[in-house]
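Welcome to my notebook. I wrote these entries while looking through the structure for the first time.

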Amino acid sequence: MDWDNLRYFLDLSRAGKLTVAARRLGVDHTTVARRVHALEKSLGQPLFIRSGAGYGLTEAGRRLLSQVEAMESSYLSIERDEGEGGAEGVCGLVRIGATEGYGVALLAGQLAALSKRHPNLNIDLLAVPRMVRLARNEADIVITLERPERGPYIITKLTDYTLRLYASTDYLDTHPLIHGRDDLRDHTFVSYIEDLLYSKELHYLDEIGKPGKIALRSTSIMAQQNAAIAGLGIAILPSFSARKEPQLKEILAEQIEFVRTFWMLMPTEGKDLARIRVTWDFLREMAQLNQDLMMGR
(Lines give C-alpha, C1' and ligand atoms only; values in the text may rest on other atoms or scores of the structure.)
Protein backbone atom coordinates (compact mmCIF):
# COMPACT_ATOMS: atom_id res chain seq x y z
CA MET A 1 0.00 0.00 0.00
CA ASP A 2 1.32 3.45 -0.93
CA TRP A 3 1.94 5.53 2.24
CA ASP A 4 1.57 8.75 0.22
CA ASN A 5 -1.98 7.74 -0.64
CA LEU A 6 -2.66 7.19 3.07
CA ARG A 7 -1.29 10.65 3.81
CA TYR A 8 -3.72 12.21 1.33
CA PHE A 9 -6.54 10.16 2.84
CA LEU A 10 -5.59 11.39 6.33
CA ASP A 11 -5.57 15.06 5.34
CA LEU A 12 -8.86 14.81 3.46
CA SER A 13 -10.53 13.04 6.38
CA ARG A 14 -9.50 15.93 8.66
CA ALA A 15 -10.23 18.73 6.23
CA GLY A 16 -13.50 17.43 4.81
CA LYS A 17 -12.96 19.32 1.57
CA LEU A 18 -10.64 18.70 -1.37
CA THR A 19 -9.59 22.33 -1.63
CA VAL A 20 -8.69 22.61 2.08
CA ALA A 21 -6.71 19.35 2.05
CA ALA A 22 -4.92 20.38 -1.14
CA ARG A 23 -3.97 23.74 0.36
CA ARG A 24 -2.49 22.09 3.43
CA LEU A 25 -0.56 19.57 1.36
CA GLY A 26 0.62 22.18 -1.13
CA VAL A 27 -0.82 20.40 -4.17
CA ASP A 28 -3.69 20.80 -6.60
CA HIS A 29 -7.09 19.47 -5.48
CA THR A 30 -7.12 17.06 -8.44
CA THR A 31 -4.02 15.41 -7.00
CA VAL A 32 -5.80 14.78 -3.72
CA ALA A 33 -8.80 13.31 -5.54
CA ARG A 34 -6.59 11.10 -7.69
CA ARG A 35 -4.60 9.78 -4.71
CA VAL A 36 -7.72 9.00 -2.68
CA HIS A 37 -9.33 7.29 -5.66
CA ALA A 38 -6.20 5.14 -6.10
CA LEU A 39 -6.35 4.15 -2.43
CA GLU A 40 -10.04 3.24 -2.67
CA LYS A 41 -9.34 1.19 -5.78
CA SER A 42 -6.51 -0.71 -4.08
CA LEU A 43 -8.75 -1.48 -1.08
CA GLY A 44 -11.75 -2.33 -3.23
CA GLN A 45 -14.19 -0.17 -1.27
CA PRO A 46 -15.18 3.50 -0.94
CA LEU A 47 -13.69 5.46 1.95
CA PHE A 48 -15.67 8.68 1.58
CA ILE A 49 -19.24 9.75 1.01
CA ARG A 50 -19.21 12.70 -1.39
CA SER A 51 -21.84 15.40 -0.91
CA GLY A 52 -22.34 19.11 -1.43
CA ALA A 53 -21.07 19.70 2.11
CA GLY A 54 -17.79 17.91 1.44
CA TYR A 55 -16.28 14.49 2.14
CA GLY A 56 -17.54 12.33 4.99
CA LEU A 57 -16.05 8.99 5.99
CA THR A 58 -17.77 5.68 5.28
CA GLU A 59 -17.61 2.91 7.88
CA ALA A 60 -14.57 1.51 6.06
CA GLY A 61 -13.05 4.97 6.07
CA ARG A 62 -13.50 5.32 9.83
CA ARG A 63 -11.82 1.97 10.44
CA LEU A 64 -8.91 2.93 8.21
CA LEU A 65 -8.59 6.36 9.85
CA SER A 66 -7.87 4.88 13.28
CA GLN A 67 -5.15 2.67 11.78
CA VAL A 68 -3.55 5.50 9.80
CA GLU A 69 -3.58 7.82 12.82
CA ALA A 70 -1.77 5.12 14.81
CA MET A 71 0.82 4.93 12.03
CA GLU A 72 1.18 8.71 12.10
CA SER A 73 1.68 8.75 15.87
CA SER A 74 4.39 6.10 15.62
CA TYR A 75 6.16 8.06 12.91
CA LEU A 76 6.04 11.27 14.96
CA SER A 77 7.39 9.45 17.99
CA ILE A 78 10.36 8.21 15.95
CA GLU A 79 10.83 11.73 14.57
CA ARG A 80 11.05 13.17 18.08
CA ASP A 81 13.43 10.46 19.29
CA GLU A 82 15.79 11.05 16.36
CA GLY A 83 15.76 14.79 16.87
CA GLU A 84 14.30 15.68 13.51
CA GLY A 85 12.51 18.63 15.08
CA GLY A 86 15.57 20.81 14.43
CA ALA A 87 15.68 23.73 12.04
CA GLU A 88 16.29 21.60 8.95
CA GLY A 89 13.83 18.87 9.95
CA VAL A 90 10.76 21.04 10.52
CA CYS A 91 8.96 21.46 7.23
CA GLY A 92 5.52 21.78 5.69
CA LEU A 93 2.73 24.36 5.75
CA VAL A 94 1.18 25.95 8.82
CA ARG A 95 -1.82 28.22 8.44
CA ILE A 96 -2.29 30.85 11.16
CA GLY A 97 -5.56 32.71 11.58
CA ALA A 98 -5.44 35.97 13.53
CA THR A 99 -7.38 39.14 14.09
CA GLU A 100 -6.56 41.73 11.46
CA GLY A 101 -4.85 44.19 13.80
CA TYR A 102 -2.60 41.61 15.48
CA GLY A 103 -1.84 39.85 12.22
CA VAL A 104 -0.95 42.99 10.26
CA ALA A 105 0.70 45.11 12.96
CA LEU A 106 2.73 42.38 14.66
CA LEU A 107 2.67 38.85 13.24
CA ALA A 108 3.54 39.75 9.66
CA GLY A 109 6.88 41.13 10.84
CA GLN A 110 7.51 38.58 13.61
CA LEU A 111 7.06 35.57 11.36
CA ALA A 112 10.19 36.49 9.43
CA ALA A 113 12.19 35.30 12.46
CA LEU A 114 10.32 31.98 12.44
CA SER A 115 11.16 31.48 8.76
CA LYS A 116 14.84 32.13 9.49
CA ARG A 117 14.83 29.53 12.27
CA HIS A 118 13.06 26.95 10.11
CA PRO A 119 13.77 27.65 6.42
CA ASN A 120 11.73 24.64 5.27
CA LEU A 121 8.60 25.82 7.08
CA ASN A 122 5.93 27.62 5.05
CA ILE A 123 3.42 29.97 6.69
CA ASP A 124 -0.01 31.14 5.56
CA LEU A 125 -1.20 34.14 7.58
CA LEU A 126 -4.94 34.84 7.58
CA ALA A 127 -5.13 38.36 9.06
CA VAL A 128 -8.80 39.11 8.52
CA PRO A 129 -11.54 41.20 10.21
CA ARG A 130 -13.60 38.16 11.19
CA MET A 131 -13.37 34.94 13.16
CA VAL A 132 -11.15 32.28 11.61
CA ARG A 133 -12.76 28.96 12.57
CA LEU A 134 -10.92 25.77 13.46
CA ALA A 135 -14.19 23.85 13.19
CA ARG A 136 -14.24 24.64 9.48
CA ASN A 137 -10.57 23.70 9.04
CA GLU A 138 -9.68 27.24 7.99
CA ALA A 139 -6.39 27.24 9.92
CA ASP A 140 -4.04 25.10 12.02
CA ILE A 141 -3.60 27.72 14.76
CA VAL A 142 -6.04 30.52 15.55
CA ILE A 143 -5.55 33.68 17.60
CA THR A 144 -8.93 35.00 18.64
CA LEU A 145 -10.66 37.41 21.00
CA GLU A 146 -13.01 34.87 22.53
CA ARG A 147 -12.18 31.65 24.35
CA PRO A 148 -14.21 28.73 22.99
CA GLU A 149 -16.41 27.12 25.62
CA ARG A 150 -16.04 23.66 24.12
CA GLY A 151 -14.39 21.72 21.33
CA PRO A 152 -11.46 19.34 20.78
CA TYR A 153 -8.92 22.13 21.10
CA ILE A 154 -5.77 22.99 23.00
CA ILE A 155 -6.29 26.52 24.31
CA THR A 156 -3.93 28.99 25.96
CA LYS A 157 -4.17 32.62 26.97
CA LEU A 158 -1.72 34.33 24.64
CA THR A 159 -1.68 37.88 26.03
CA ASP A 160 -3.74 40.78 27.28
CA TYR A 161 -3.60 44.04 25.35
CA THR A 162 -4.90 47.58 25.69
CA LEU A 163 -6.89 49.89 23.45
CA ARG A 164 -7.11 53.65 23.86
CA LEU A 165 -8.56 56.69 22.15
CA TYR A 166 -6.43 58.12 19.35
CA ALA A 167 -6.71 61.05 16.95
CA SER A 168 -4.32 62.83 14.62
CA THR A 169 -2.58 66.03 15.63
CA ASP A 170 -4.35 67.78 12.74
CA TYR A 171 -7.75 66.72 14.08
CA LEU A 172 -6.93 67.76 17.65
CA ASP A 173 -5.58 71.14 16.52
CA THR A 174 -8.82 72.00 14.71
CA HIS A 175 -11.42 70.73 17.18
CA PRO A 176 -12.45 71.61 20.77
CA LEU A 177 -10.12 70.58 23.57
CA ILE A 178 -10.86 67.30 25.36
CA HIS A 179 -10.55 67.44 29.15
CA GLY A 180 -12.85 64.57 30.12
CA ARG A 181 -15.36 61.99 28.96
CA ASP A 182 -18.17 64.50 28.62
CA ASP A 183 -16.21 66.43 25.99
CA LEU A 184 -16.25 63.41 23.69
CA ARG A 185 -19.92 64.01 22.86
CA ASP A 186 -18.91 67.00 20.74
CA HIS A 187 -16.39 65.05 18.67
CA THR A 188 -16.46 62.90 15.57
CA PHE A 189 -15.56 59.22 15.79
CA VAL A 190 -14.41 56.43 13.49
CA SER A 191 -15.67 53.00 14.51
CA TYR A 192 -16.97 49.53 13.59
CA ILE A 193 -20.19 48.73 11.77
CA GLU A 194 -22.15 47.49 14.76
CA ASP A 195 -24.34 44.93 13.00
CA LEU A 196 -21.26 43.35 11.46
CA LEU A 197 -19.19 43.01 14.63
CA TYR A 198 -17.76 39.50 14.80
CA SER A 199 -17.08 39.54 18.55
CA LYS A 200 -18.79 41.00 21.62
CA GLU A 201 -15.31 42.11 22.73
CA LEU A 202 -15.42 44.85 20.08
CA HIS A 203 -18.30 46.81 21.66
CA TYR A 204 -16.03 49.61 22.85
CA LEU A 205 -18.28 52.61 22.29
CA ASP A 206 -20.90 51.17 24.64
CA GLU A 207 -18.43 51.69 27.48
CA ILE A 208 -17.94 55.42 26.92
CA GLY A 209 -21.34 56.40 25.58
CA LYS A 210 -22.47 57.10 22.06
CA PRO A 211 -20.60 59.94 20.33
CA GLY A 212 -22.46 62.73 18.62
CA LYS A 213 -21.25 61.74 15.17
CA ILE A 214 -19.58 58.76 13.53
CA ALA A 215 -18.01 59.90 10.28
CA LEU A 216 -16.81 56.49 9.11
CA ARG A 217 -17.64 52.93 10.04
CA SER A 218 -15.63 49.95 8.82
CA THR A 219 -15.25 46.24 9.52
CA SER A 220 -11.47 46.79 9.32
CA ILE A 221 -9.50 48.09 12.31
CA MET A 222 -6.64 49.07 10.00
CA ALA A 223 -9.06 51.11 7.88
CA GLN A 224 -10.19 52.86 11.05
CA GLN A 225 -6.60 53.58 12.02
CA ASN A 226 -5.80 55.02 8.59
CA ALA A 227 -8.91 57.18 8.75
CA ALA A 228 -7.83 58.52 12.14
CA ILE A 229 -4.36 59.26 10.78
CA ALA A 230 -6.00 61.21 7.95
CA GLY A 231 -7.79 63.40 10.51
CA LEU A 232 -11.31 62.06 10.08
CA GLY A 233 -12.01 61.61 13.77
CA ILE A 234 -11.24 59.80 17.02
CA ALA A 235 -10.79 56.02 16.93
CA ILE A 236 -10.45 53.32 19.58
CA LEU A 237 -7.34 51.47 18.50
CA PRO A 238 -5.00 48.77 19.84
CA SER A 239 -2.03 50.47 21.48
CA PHE A 240 0.37 47.96 19.90
CA SER A 241 -0.61 49.31 16.49
CA ALA A 242 -1.49 52.97 17.04
CA ARG A 243 1.60 53.84 19.08
CA LYS A 244 3.76 53.09 16.04
CA GLU A 245 2.12 55.98 14.16
CA PRO A 246 3.73 59.37 14.98
CA GLN A 247 0.70 61.25 13.61
CA LEU A 248 -1.58 59.74 16.27
CA LYS A 249 -1.90 61.03 19.81
CA GLU A 250 -3.49 59.32 22.81
CA ILE A 251 -6.55 61.00 24.29
CA LEU A 252 -7.55 60.75 27.97
CA ALA A 253 -5.05 57.92 28.47
CA GLU A 254 -5.34 58.23 32.26
CA GLN A 255 -9.12 58.02 32.18
CA ILE A 256 -10.07 55.65 29.38
CA GLU A 257 -8.44 52.34 28.63
CA PHE A 258 -9.87 49.06 27.36
CA VAL A 259 -8.23 45.72 28.16
CA ARG A 260 -8.91 42.69 26.00
CA THR A 261 -7.37 39.20 25.71
CA PHE A 262 -6.02 37.19 22.81
CA TRP A 263 -6.54 33.43 23.06
CA MET A 264 -4.62 30.90 20.97
CA LEU A 265 -5.99 27.49 20.04
CA MET A 266 -5.31 24.52 17.81
CA PRO A 267 -6.94 21.11 17.23
CA THR A 268 -5.75 18.50 19.72
CA GLU A 269 -4.16 16.41 16.98
CA GLY A 270 -1.86 19.32 16.14
CA LYS A 271 0.22 18.87 19.30
CA ASP A 272 2.02 15.87 17.77
CA LEU A 273 3.01 17.66 14.57
CA ALA A 274 6.48 19.24 14.68
CA ARG A 275 5.57 22.11 12.35
CA ILE A 276 2.58 23.03 14.52
CA ARG A 277 4.49 22.72 17.79
CA VAL A 278 7.35 25.01 16.76
CA THR A 279 4.93 27.60 15.39
CA TRP A 280 2.80 27.48 18.55
CA ASP A 281 5.86 27.90 20.78
CA PHE A 282 7.17 30.76 18.63
CA LEU A 283 3.87 32.67 18.86
CA ARG A 284 3.86 32.32 22.64
CA GLU A 285 7.48 33.46 22.80
CA MET A 286 6.75 36.57 20.72
CA ALA A 287 3.73 37.46 22.85
CA GLN A 288 5.82 37.25 26.03
CA LEU A 289 8.65 39.34 24.57
CA ASN A 290 6.21 42.08 23.54
CA GLN A 291 4.26 42.47 26.79
CA ASP A 292 5.15 46.15 27.21
CA LEU A 293 4.03 46.93 23.68
CA MET A 294 0.80 44.96 24.07
CA MET A 295 -0.09 46.83 27.25
CA GLY A 296 0.71 50.25 25.78
CA ARG A 297 3.81 50.81 27.91
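How many salt bridges are there between domain 1 and domain 2? I looked this up and the count is 0, where a salt bridge is a side-chain nitrogen of Lys or Arg within 4 Å of a carboxyl oxygen of Asp or Glu.

A note on the source: this is a predicted model, where local features need pLDDT of at least 70, side-chain atom pairs count only at pLDDT 80 or more, and totals for chains, interfaces and linings use all residues. Residues are numbered from 1 along each chain as its sequence is written, and side-chain values use heavy atoms, with hydrogens and water left out.

Domains. I found the protein chain divided into domain 1 (3-82), domain 2 (92-159 + 261-295) and domain 3 (161-259), with bounds from an automatic or database domain assignment. The C-alpha centres of domain 1 and domain 2 are 25 Å apart. Their contact (heavy atoms within 4.5 Å) takes 9 residues from domain 1 and 11 residues from domain 2. Together they bury about 910 Å², 40% of it on carbon and sulfur atoms; this is the accessible area (1.4 Å probe) lost by the two parts on being put together, summed over both.

Salt bridges. By the rule above, I noted a count of 14 salt bridges. I looked at Glu-40 and Arg-50, whose side chains meet in one at 3.0 Å, N to O. Glu-40 lies in helix H3 and Arg-50 in strand S1 (residues 48-51), so the pair ties together parts 10 residues apart in sequence. Helices (H or I, at least four residues) and strands (E, at least two) are DSSP runs, numbered from the N terminus.

Tyr-198. I located Tyr-198 in the loop between strand S7 (188-191) and strand S8 (213-217). Leaving aside neighbours within four places in sequence, Tyr-198 is in contact with Thr-99, Pro-129, Arg-130, Met-131 and Leu-145. I also checked Thr-219: Tyr-198 and Thr-219 are 21 residues apart in sequence and 8.9 Å apart in space, C-alpha to C-alpha.
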